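Here is a short report for a first look at this structure. Please view the sequence and the model, then read on.

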Amino acid sequence: MARTTLRSMLLAGAVALAAFPAAAQTLEVAIDGSPAGLDPHIITAFTSFMVVNRTIYEGLTSVDKDLRLQPGIAESWTVAPDGKTYTFKIRSGATFHNGAPVEAADVVASLKRVLGKDIASPLASRLAAVDTITASGSTVELKLKEPSAPLLTSLATIAIVPRTFETDKDGLQKQPVGTGPFKFKEWQPNGFIALTKHDGYWQKGLPKLDGVKFNIVPESATRQVGISSGQYAMLPNIDAATALQLKGKPGVKLAETLELAYTLVGLNVSKPPFDNAKVREAVNYAVNRDEIVAAALFGAGVPGGPLSPALKDWAVDVKDFPCYKYDPAKAQALLKESGVAQPITVSMSVLPRQDIKDIAQVVQQQLGKVGIKVELKTPELGQFIQDWRNSNFDMFASTNAGSPDPDDYFYRTFRTGGSTNVFKYSNAEIDGLLDKGRATTDTAARKADYATVQKTLACQGPIVHLTYGQLFTAMRQNVTGFEIVANRSLSYLADTSAK
Amino acid sequence: MTIRRLLMARLLDLVVVLFCVSVIVFFMIRLIPGDAVAIMLGANTEVTPERIADLRHRIGLDLPIPVQYAGWVAKALTGDLGTSLWTGRPVVQEIGLHVWPTLQLTVLALVIGAGLAVPTGVLMARLRGRFADGAMRVVTVAGLTIPSFWLGIVMILALATWAPTLQALGYVPFFDDPLGNVTRLLLPAFALGLPILANLSRLVRSAMLDALGQDYIRTARAKGASERSVLYRHALRNALIPFVTSVGIMTGYLLGGAIVVEQVFAIPGLGRLILGAIAERNYPLLQATILVVTSGFVVVNFAVDLLYLAIDPRVRA
Amino acid sequence: MRHRLLAFATLFVAAQGLLAVFAAWVSPYDPLQQNVLARLKGPSADHWLGTDQFGRDVLSRIIHGCQASLAVSVGAVLAALVLGGTLGLFAAYYRGWTDRLVMRAMDVLFAFPVLLLAIGIVAVLGPRSSSAAIAIAIVYVPIFARLLRGPALVICESDYVAGARAIGAGDARIIFLHILPNLASVVLVQTSLLLSAAILVEASLSFLGLGTQPPTPSLGLMLSEGRNFLMLSPWSAIFSGLAILFLAFGLNLLGDALRDTLDPRLRGTS
């Protein structure tokens with residue numbers, strides 16, 4: 001009896017395989033979470049960004065695989081010498097998925113939509129410097145209140161949508177319309193998001209695929225089995241542990257890059273013991289970053305300073321930070337000097353993500369060795385975010401997305417009163433340098449200033465920067481043309497084919 | 001007459017219970033720390049407090065909770081259960097999409113459990129004696145207490161090891177690919193159905209053993225009736241009442257178990273919907289989904305009670 | 001046979017209980033001690049059940065995990081027994097509107113599927129082992145209330161209780177001295193069975209990240225963390241799942257054997 005059932009089960013499976021071969025040229029992608037919606041001006045989380053950025057939507061500018069600026073919907077632009085007027089020439093021949101051509105008016109409407117109060121887009125602060133937006137013919141002119149060096153990079157993340165959506169709150173969440181190589185077809189919440197080829201895409205010959213299907217598969221083992229069996233053709237942006245398990249599996253290949261995002265431990269400098277710069281420095285000496293890379297990242301990563309080594313033009317080599325040399329004795333000496341009562345007992349709030357939980361456990365043990373007793377708390381995500389936002393923590397372990405321009409990250413994180421300066425960090429010297437870096441477009445001068453900023457922040461800042469991990473994408477052997485990008489964008493899906 | 005009165009009383013209870021459930025759920029989910037806006041914005045964005053206030057206003061979270069509840073009840077009474085926070089899709093539609101996978105999974109688990117229970121139980125009844133009794137007990141109790149999510153993970157591991165090319169995971173809608181749909185649900189349904197199989201096959205076994213010792217079997221045998229037909233008819237009838245009760249009790253287990261099994265096997269059912277809605281604090285969606293699941297549960301229990309009345313004349317008396 | 005099964009089940013549960021209570025003495029390693037170089041290894045002479053992703057000894061973590069699981073489950077079920085049992089007894093003893101009110105409230109709690117209600121409660125209280133315990137306790141209150149109310153109703157009508165009342169015994173005295181002891185066997189059996197179920201609920205909550213938090217060892221959590229490394233080294237996931245199974249199995253078998261021994265009428269009906 002039992003044997004017959006098993007046999008018929010297997011038989012049914014085999015028949016299913018034979019009768020339904022994978023549809024030609026639709027790429028089956030497996031991702032771990034559902035986006036909260038598909039409106040590019042509302043959703044900002046990694047998963048959501050990954051699904052829509054450069055697949056459905058495009059911005060005025062774009063960023064290539066080396067994180068360098070490239071044209072997008074704007075085919076070219078000019079910046080006035082005072083750095084306060086940007087003029088973009090809109091590409092002719094670009095069309096929306098609904099067939100309408102992309103015009104200057106659409107660009108103006110899109111930017112205004114992001115700034116609109118009713119839409120309440122969280123991206124508005126990226127356009128905070130913008131004063132007026134005007135269209136004339138096929139050009140769009142942005143006048144700024146003050147020069148803003150990161151504006152061009154920011155614009156790559158702001159999707160251009162048809163002008164009819166300027167005041168429409170819900171339309172795009174359900175039925176996204178963009179200019180990207182793929183258009184939206186179907187969304188089964190918790191099941192999949194299906195995209196099909198946009199025939200009127202402005203880059204001739206692209207996309208090469210007929211469609212992309214994002215399958216939502218929360219269980220890591222299930223995704224792994226899926227790509228090994230060929231059910232899925234791509235697992236984008238996976239961590240080292242998963243990649244290690246897929247390495248050498250027949251039919252599977254891996255692409256990798258150093259990630260722009262980094263892991264960190266944040267310190268609340270508004271209360272003891274981390275209001276004391278010596279204690280913060282001691283933590284830096286007590287943390288063994290190489291061990292964290294080995295333990296939590298399976299060796300796939302590098303110790304990281306305030307800027308990702310992926311930002312080759314800006315990042316200072318971590319060898320130049322004295323406190324990056326693991327030295328528990330020095331840490332203990334600093335703790336003694338600081339005059340803070342020992343032993344120090346603090347709690348650490350941990351972002352509920354597996355790699356962060358792993359890192360937190362290693363850091364806990366390392367700090368324990370120099371006499372800082374850490375109690376780990378893993379609140380649920382919503383609670384974590386609330387505590388983080390309200391500066392309700394001694395320490396926290398988390399990850400941060402990183403940005404291709406240093407100003408974007410530094411200013412909001414370390415400037416006194418910065419929007420994500422939840423550490424309550426305030427340092428007049430840093431403030432001065434950040435204000436200067438923001439206002440000038442002279443790259444050499446900015447570079448020197450930001451180097452000073454990095455050196456100050458690395459050892460005594462409110463953030464103990466830990467590691468930059470290696471980011472992987474697993475693909476079936478037959479998938480070609482895809483490039484992995486450090487900011488987790490799947491922009492190269494347009495160039496991908498699967499034969 | 002008495003039956004009708006009994007029914008009416010139970011129905012009234014049902015309505016009162018569901019109303020209380022709706023109140024509890026509404027307030028409980030709003031007590032969960034962290035609100036929808038904070039979650040949607042993620043851990044680190046450059047958002048200003050004014051923007052957060054705007055977003056809260058956009059989805060109506062800035063109103064006092066009792067006002068929100070009154071608004072919800074007023075709409076719910078007209079049949080409008082609200083819209084999902086961010087997608088703006090009616091929650092009824094979202095629930096509709098997720099009901100089928102769960103229903104299919106639970107029904108398949110029940111079918112596997114109940115279907116295999118009869119032959120397994122009969123087979124087990126053949127093995128008698130002191131050692132066999134103990135062994136049967138141990139095996140069924142083990143089946144009853146095996147954690148379904150662990151079984152699921154072990155099955156995935158086995159699949160990866162022994163049949164790496166078999167595409168038996170995930171979910172495809174029935175009408176897209178009926179065969180693929182059923183094959184992909186087999187593993188999770190088995191993981192979910194095993195405790196049911198263990199429980200029910202034990203019932204069948206003891207009913208069979210009881211029946212074998214009864215007078216009427218001996219009578220039937222003496223009359224020359226086919227032993228087999230008598231045995232099955234009587235034994236299975238005896239097993240029916242505890243069988244139905246167990247199935248009723250098992251529905252609660254199935255709904256709970258499905259939450260975890262769906263997570264492991266990537267099935268887009270109600271369990272995933274609920275966990276996802278909790279994670280993003282999607283209040284209207286969570287509210288309606290829990291209400292629907294709970295109603296389903298209560299109604300099934302009610303139906304089991306009715307069935308009980310129909311099968312067992314003693315309860316009626 | 002019946003007694004032999006009971007003896008076996010008792011021994012099985014007692015052995016696990018002792019292991020859990022004396023976890024700190026019994027386990028070969030510190031369950032939190034990391035050793036990255038020796039991570040994700042299979043069973044060996046040094047580590048009988050292998051090591052996890054930080055090189056921690058799986059056996060030691062499982063022994064401590066059993067302690068955590070049992071602590072949460074036993075605490076929760078006892079709390080539910082006290083609270084639910086009291087409610088049930090009072091409802092049966094006083095009848096009338098007390099009975100109706102209490103039992104309707106129990107119906108409302110009973111209307112939720114167990115795991116769903118537990119998830120909701122933990123979401124409100126925040127994920128930690130104490131929340132899981134509270135959630136399980138709340139979920140089981142109506143079960144004990146219903147369980148005790150039925151037989152208590154029968155006993156309340158008995159001559160025995162009427163006699164006690166006649167000689168002027170107080171309400172509390174009657175409930176606790178005369179009614180409760182008569183229900184001991186029912187309670188014992190059901191407590192054992194519900195403990196088994198509580199182990200599984202606690203494991204499910206930890207598995208979903210809603211129970212005990214790392215680095216504290218917990219069986220559900222170990223299974224959940226271990227599944228991320230399933231293809232590299234499945235040992236942590238397999239053995240922690242087996243441990244959950246053993247705990248739940250032992251308690252269930254014990255409840256089953258107890259029922260046979262204490263109440264032969266019920267033998268074999270369920």
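## Domains of chain A

The centres of domain 2 of chain A and domain 3 of chain A, taken over C-alpha atoms, lie 33 Å apart. Their contact takes 11 residues from domain 2 of chain A and 11 residues from domain 3 of chain A. Two residues are in contact if their C-beta atoms, placed from the backbone, lie within 7 Å. On the side of domain 2 of chain A that touches domain 3 of chain A, 5 residues are nonpolar, 5 polar and 1 charged. Nonpolar here covers Ala, Val, Leu, Ile, Met, Phe, Trp, Tyr, Cys and Pro; charged covers Asp, Glu, Lys and Arg; the others, Gly among them, are polar.

The domain assignment of chain A lists domain 1 (26–33 + 175–257 + 471–498), domain 2 (58–170) and domain 3 (262–469). Such bounds come from an automatic or database domain assignment.

## Model and confidence

This is a predicted model: local features need pLDDT of at least 70, side-chain atom pairs count only at pLDDT 80 or more, and totals for chains, interfaces and linings use all residues. Residues are numbered from 1 along each chain as its sequence is written, while chains are lettered from A and ligands numbered from 1 in the order in which they are written.

The pLDDT is the predictor's confidence in each residue, from 0 to 100. Chain B averages a pLDDT of 79, and 87% of its residues score at least 70. Among the elements of chain B, helix 7 of chain B has the highest mean pLDDT (88) and helix 13 (residues 313–316) of chain B the lowest (51). Where pLDDT is low, the predicted coordinates should not be read in detail.

## Chain B as a whole

Chain B has 13 helices and 0 strands. Helices (H or I, at least four residues) and strands (E, at least two) are DSSP runs, numbered from the N terminus. Of the 317 residues of chain B, 44% count as buried. Buried means that 20 or more other C-beta atoms lie within 10 Å of a residue's own; exposed means 12 or fewer, and partly exposed is in between, with C-beta atoms placed from the backbone.

Among contacts in chain B between residues at least 6 apart in sequence, 75% join residues at least 24 apart.

## Where chain B meets its neighbours

The contact with chain C takes 40 residues from chain B and 39 residues from chain C. Helix 6 of chain B gives the most to the chain B side, with 9 residues. By class, that side has 30 nonpolar, 6 polar and 4 charged residues.

The contact with chain A takes 54 residues from chain B and 55 residues from chain A. Here helix 8 of chain B gives the most to the chain B side, with 5 residues. The classes on that side are 29 nonpolar, 15 polar and 10 charged.

## Two close-ups

Trp150(B) sits in helix 7 of chain B. Trp150(B) counts as buried because it has 27 C-beta neighbours inside 10 Å. Not counting residues up to four places away in sequence, Trp150(B) touches Leu223(C), Gly241(C) and Ile244(C).

In chain A, helix 12 (residues 381–389) has buried residues, including Leu381(A), Phe384(A) and Trp388(A). Just after helix 12 of chain A, Ser391(A) takes a positive phi of about 55 degrees.
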